[in-house]
Amino acid sequence: METTKTNGRRYTILSYGCQMNVSDSERMAGQLQAMGYTQIDDMRQADVILINTCCVRETAEDRVYGKIGEIKAIKREHPELIFGITGCMAQKEKDSLIKRAPHIDFVLGTNKVQELSQIIRKIEAERQHVVDTVLENNDMPENVPIAREGKFSAWIPIMYGCNNFCTYCIVPYVRGREHSRHPQDIIREVEQAVAQGYEEVTLLGQNVNSYGKDHKEADFADLLTMVDQVPGIRRVRFMTSHPKDLSDRVIAAIAGGTHLCEHIHLPVQHGSNRILKAMNRVYTTEKYRDLVKRIRAAIPDVSLTTDLIVGFPGETDEDFEQLLAFLKEIRYDSAYTFIYSPRSGTPAAKMADQVPEAVKKERLNRLMAVQNQISLEINEQLLGKTFEVMVEGPSKNRADVWSGRTRTNKIVLFEHGDEKPGEFVDVKIMQPQTWVLKGERV
Ligand code: SAH
Ligand code: SF4
Ligand code: F3S
């Protein structure tokens, strides 16, 4: 980060949603810092508050409405406060947010991140409501200062938007069509991150496997290989991989790479072909199974994780049993499990046979129990093995215990030695559990 004089004013950014939102927040924080603002945690002392929002499920939106309400009292005490809503809900709700909550000063859409400083200046000068949410797909936040949140791991967006229109999902409507960054811009950002001391990067996109299909300058396999070769890089992660686009070239690139981590987040969403079809996921369980076979043959000890949705419209007991059976067959290292949440404007929200809430909850609990057992069994196989761990910092519960990650993205806890966060150390697994591996430095 360049050093800039402060203007004595302070900002808070509350981020919800996925890593793409975190990355956008870093680019907004960078602009505020370049204007002289400094970060502060206590919202009541802030001169600018941004809520960078998510609307992927109703629960995410409810949390944001709660926060918007909380900030009303702060704004009453402190009328000069500039309060903005950014991100996916801003894109979805546009000016209706200000109609509902007039203490919001501006609404900034998802492809407008790079315009934040201009808008703040305008409001500082004119004190007017501003809504800027026109979705132009070519806009990308290039050449914007970045204030990274992670100390040792850098998020690197490689593409924005999504073309897949899974029938349950709001993301394509609020993020626009896929547009890939130029490879040289991505490599430059990785090099800058390395120069700042980052040894781990995570390449981000809604579907990284379709990287470059729009500009054809490089595909995802090429890009992985280019990032792998950036001097000083030690770990390269990437997400999310849509199963329909994961090519043998990408598998070969990961298998042949040096710093490309052996972890693929490969959301299957469901294990019933009928439901996958209704979701517009475009693959079948047979195709997915074959893909997993090819991945596991090429990349030994790869860890596979997934996202699962229960209670999609029309999901019968039999569909759900097929999902459980598929999980037991594939055996993911871990899974993010979600209850289907109808999103207005998406095809699934209008489908018949919406599943009752109580049934969804019961299925979610059963699903989690099955997956937790599998995660534990897989982790138990790691007893006595030694892994390279990047130390991230103190564990949540004990200051004398470090938390770090393996290349396969498993969390490892071990007692402090003389190592520091950011360092790479070897840890032997002594006590594997469902969510974490407890070990000792060797
Ligand atoms: N682009 C990524 C992730 C997008 S959102 C992908 O395709 O995998 C992250 C996850 O949220 C999805 O994988 C899906 O499991 C879940 N999700 C999306 N829309 C949802 C909805 N309406 N209800 C419940 N879960 C949803
Ligand atoms: Fe949503 Fe599907 Fe796009 Fe992922 S691939 S963001 S689930 S539409
Ligand atoms: Fe949420 Fe938008 Fe990400 S809807 S999951 S923040 S792309």
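How do the residues of the shell around ligand 1 divide into nonpolar, polar and charged? Seven are nonpolar, four are polar and four are charged. Please keep in mind as you read on that this is a predicted model.

**The surroundings of ligand 1**

Let us stay with this ligand for a moment. In total, 15 residues surround ligand 1, and the closest are Tyr168, Gln206, Gln269, Asp307 and Ser341.

| Residue | Protein atom | Ligand 1 atom | Distance |
|---|---|---|---|
| Arg57 | polar side-chain atom | oxygen | 3.0 Å |
| Tyr168 | polar backbone atom | nitrogen | 3.0 Å |
| Gln206 | polar side-chain atom | nitrogen | 2.8 Å |

How much of ligand 1 does the protein bury? On its own, ligand 1 exposes 540 Å², and the protein buries 89% of that area. If you want to find this shell in the fold, look at strands β13 (303-310) and β14 (334-339), the elements that give two or more residues to the shell around ligand 1.

Now for a piece of the fold itself. Three strands form an open sheet in the order β7-β10-β11, with parallel pairing. Which strands sit at the edges? They are β7 (153-157) and β11 (235-239), each of which pairs on one side only. From one strand to the next, the twist averages 25°.

To see how the pairing works, follow β7 and β10 (residues 200-204), two strands that run parallel and are joined by five bridges. Within this pair, Ile156 stands opposite Leu203 in β10.

Helix α1 (residues 19-34) lies across β7, β10 and β11, and runs at about 95° to β7. Helix α8 (residues 220-228) lies across β10 and β11, running at about 165° to β10.

Key: Residues numbered from 1 in each chain as written. Chains lettered and ligands numbered in written order. Predicted model: local features only at pLDDT ≥ 70, side-chain atom pairs only at ≥ 80, totals over all residues. Heavy atoms only, no water. Pairing = 2+ DSSP bridges. Helix = DSSP H or I, 4+ residues; strand = E, 2+ residues; numbered from the N terminus. Axes fitted to C-alpha atoms, helices over the stretch in contact; angles between N-to-C directions. Contact = heavy atoms within 4.5 Å. Near = heavy atom within 4 Å. Polar contact = N/O pair within 3.5 Å; in protein donor to acceptor, adjacent residues only side chain to side chain. Areas by Shrake-Rupley, 256 points an atom, 1.4 Å probe, with all protein chains shown as cover. Nonpolar A, V, L, I, M, F, W, Y, C, P; charged D, E, K, R; others polar.
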